[in-house]
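Please examine the model shown below. The briefing that follows takes up selected helices, cores and individual residues in turn.

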Amino acid sequence: MTAAIDIRAFVQGSPHPSWLVHSDGHCIYANLALEQLTGARVEPPGGTYWLDLLVDDDKPQAIHAWQESLSTGLPLRIYVRLRGARPASYTHVELIAFGHSDGPEEIWLFTALQFHPSIHQHSPLEAQLRTTLNLIPIQTWYATPAGAVVFVNEATASYLGLPQLHSLRYGEEVGGDWESHLIFIHPEDHPHARRQWAACLRQHSAGDLQVRLLEGDGGNRWFSVRAEPLKTKGGDLLYWVGINIDIDDAKRAGAALDLAKERIARASQLATIAELSAFISHEIVQPISAVVANASAALNWMSRETPDLARAKMAIEGILRDGMAVGNVVHETRALFKHQSPSRSTIQLNDLVKQVLKLLEPTLRARNIQVSADLHPGLPTTEADAIQIQQVLINLIHNASEALVPQYPHPQTITVRTLLSDDSVIVEVDDSGRGIEAPERIFDAFFTNKDERLGVGLSVSRSIAEAHGGSLIAINLKNCGARFRLSLPRNSLLIDVI
């Protein structure tokens, strides 16, 4: 009695459909799992004959196996179909039964393990492969040489939301090619997946791709999918074995970072526009105001009964000077955004320096700035755009004059010299100011160490120098001041500004 109670407790606690049968074949006890699967209720006395739980077509083989087990005492093990709770429905099971002596009677314990009908048709290699992949806690799978996925492990099936008896859980090959399984991939990733998988199939080589796999609950996550060919010693392709690695968190974090970078770049563009607006406003409004003031003064000097031509001339010179300043601002701004190739011609740097100094002499004299020129007498010619190099020299001298502070103890001086090296002609512009706080940034567009203005002149100047195959650098002098050095190659081939 105690043994019978223990067996019934075991049957009731089993997660699989289980029941107890007399040696005459009648059921005496069944658990809830069997009743839910088949709809049959086992009620003694008499009970249900266990063969009646099977589909009729499977009864002959079941009777033969049952009789053999009764005669030999060996366990019963057959693949059959249990009738379902609904008409014409059934479930494939592996039926296992063991005999157990309970006093004078022999009781058999039956257990039904659900399986897919193709499970006992696979080769030992496939069975071993399925077992191994199911032991892996992350998503794995294998496919035929033609690329048709035929098996996914439990982790993959659970993620995809596959039914318990889905063919992919049991490695059943139902035909078709790899594209039949695109239903598990996000539609936007189909073209990329097709190209990558086709390349692997064509070359019989490993491959990987990043796609979004659809979840059983309707969501999707990013995975790195990698496939490796499983080959024989002779090189014949047996299967493709794959693994899906979840990279969704890293992928979405990367997308968030890219979005943040895009926002920063947009903010930087807006800041640059704001700086440019401030630059144009400051650099143009002041000279234009001076032009208007000088024009009004010139009219006043000319309108007198005895015109004061000397003062009128000075006012007109101021108009020319400030007009040129406005022109320089416009030229610098255009050059910053419109990178154009220099127009080559043969120039003599000494002559160009003289022209620029003569042009700027009134302005520098008005500010009590002393200018000295030290020009190399044997300086050769170079190939360059005269207008662009003239603009560079104007920018350098203008920058030097801006660096000079009247209250600074050193005299306000600017020295312009030309030099000759083995492969270059050089112009150096020295000033006696306080030096440069950030020499490495002085050539950045809109950077300045002067609080009252913004600058693009030096940035444009370096671009012009580099377009000629030369260079423009800035260094601080030992005692005081700074030096800008413009180097241009002899007979250089012009290079387009990039």
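In this predicted model, D385 caps the N-terminal end of helix α10, with a side-chain oxygen 3.1 Å from the backbone nitrogen of I387. Helix α10 has 18 residues, and the distance from its first C-alpha to its last is 26 Å, close to the 26 Å expected at 1.5 Å a residue. The points below begin with this helix and then turn to other parts of the protein chain.

**Helix α10 and S401**

- The buried residues of α10 are Q388, I389, Q391, V392, L393, I394, N395, L396, I397, N399, A400 and S401.
- S401 is found in helix α10, and S401 counts as buried because its relative accessibility is 4%, under the 20% limit for a buried residue.
- The side chain of S401 reaches the backbone oxygen of H398, at a distance of 2.6 Å.
- Leaving aside residues up to four places away in sequence, S401 touches L364, R367, I369 and I414.

**The nonpolar cores**

- In soluble globular proteins, nonpolar side chains tend to be buried together.
- The largest nonpolar core of this model has 37 residues, and those that touch the most other members are I389, L396, I397, I414, V416 and L486.
- At least two residues of this core come from each of the helices α9 (349–366), α10 (386–403) and α11 (457–467), and likewise from each of the strands β14 (413–420), β15 (424–431), β16 (471–476) and β17 (482–489).
- A second, separate core has 25 residues, among them C27, V80, A97 and W108.
- Which residues does V416 touch, not counting residues up to four places away in sequence? They are V353, L357, S372, A373, D374, L375, I397, V427, E428 and V429.

- Helix α6 covers residues 190–203, 14 residues in total, and reaches 20 Å from its first C-alpha to its last, close to the 20 Å expected at 1.5 Å a residue.
- Five residue names make up the buried set of α6: H190, A193, W197, A199 and C200.
- These buried residues of α6 pack against the strands β6 (139–143), β8 (207–214), β9 (220–231) and β10 (237–246).
- Q196 also has its place in helix α6. Is Q196 buried or partly exposed? Q196 counts as partly exposed because its relative accessibility is 31%, which lies between the 20% limit for buried and the 50% limit for exposed.
- Q196 and L209 are 13 residues apart along the chain, and their C-alpha atoms are separated by 6.8 Å.
- Q196 touches both D208 and L209, when residues up to four places away in sequence are not counted.

**Residues with a positive phi**

- The position of H204 is in the loop between α6 and β8. With a relative accessible area of 35%, H204 is partly exposed.
- A88 is likewise not a glycine and has a positive phi of about 65°.
- A88 is found in the loop between β3 (76–83) and β4 (90–102). Is A88 buried or exposed? A88 is exposed, because its relative accessible area of 82% is over the 50% limit.

**Cysteines**

- How many disulfides does the model contain? The count comes to 0, where a disulfide requires a pair of cysteine sulfur atoms within 2.5 Å.
- C200 is buried, with a relative accessible area of 6%.
- C480 is buried as well, with a relative accessible area of 17%, because this value is also under 20%.

**The protein chain as a whole**

- The secondary structure comes to 11 helices and 17 strands.
- The protein chain has 498 residues, and buried residues make up 41% of them.
- Among contacts with a separation of 6 or more, 55% are accounted for by residues 24 or more positions apart.
- The accessible surface comes to about 27100 Å², and 55% of this surface belongs to carbon and sulfur atoms.

Key: Residues are numbered from 1 along each chain as its sequence is written. This is a predicted model: local features need pLDDT of at least 70, side-chain atom pairs count only at pLDDT 80 or more; totals for chains, interfaces and linings use all residues. Side-chain values use heavy atoms; hydrogens and water are left out. Helices (H or I, at least four residues) and strands (E, at least two) are DSSP runs, numbered from the N terminus. Buried means under 20% relative accessible area, exposed over 50%, partly exposed in between (1.4 Å probe, protein chains only). Contact means heavy atoms within 4.5 Å. Accessible areas come from the Shrake-Rupley method with a 1.4 Å probe; for residues, only the protein chains shown count as cover. A nonpolar core is a set of buried Ala, Val, Leu, Ile, Met, Phe, Trp, Tyr and Cys residues joined through side-chain atoms within 4.5 Å. The expected span of a helix is 1.5 Å times one less than its number of residues. A polar contact is a pair of N or O atoms within 3.5 Å; within protein, one must be able to donate a hydrogen and the other to accept it, and residues adjacent in sequence count only if both atoms are side-chain atoms.
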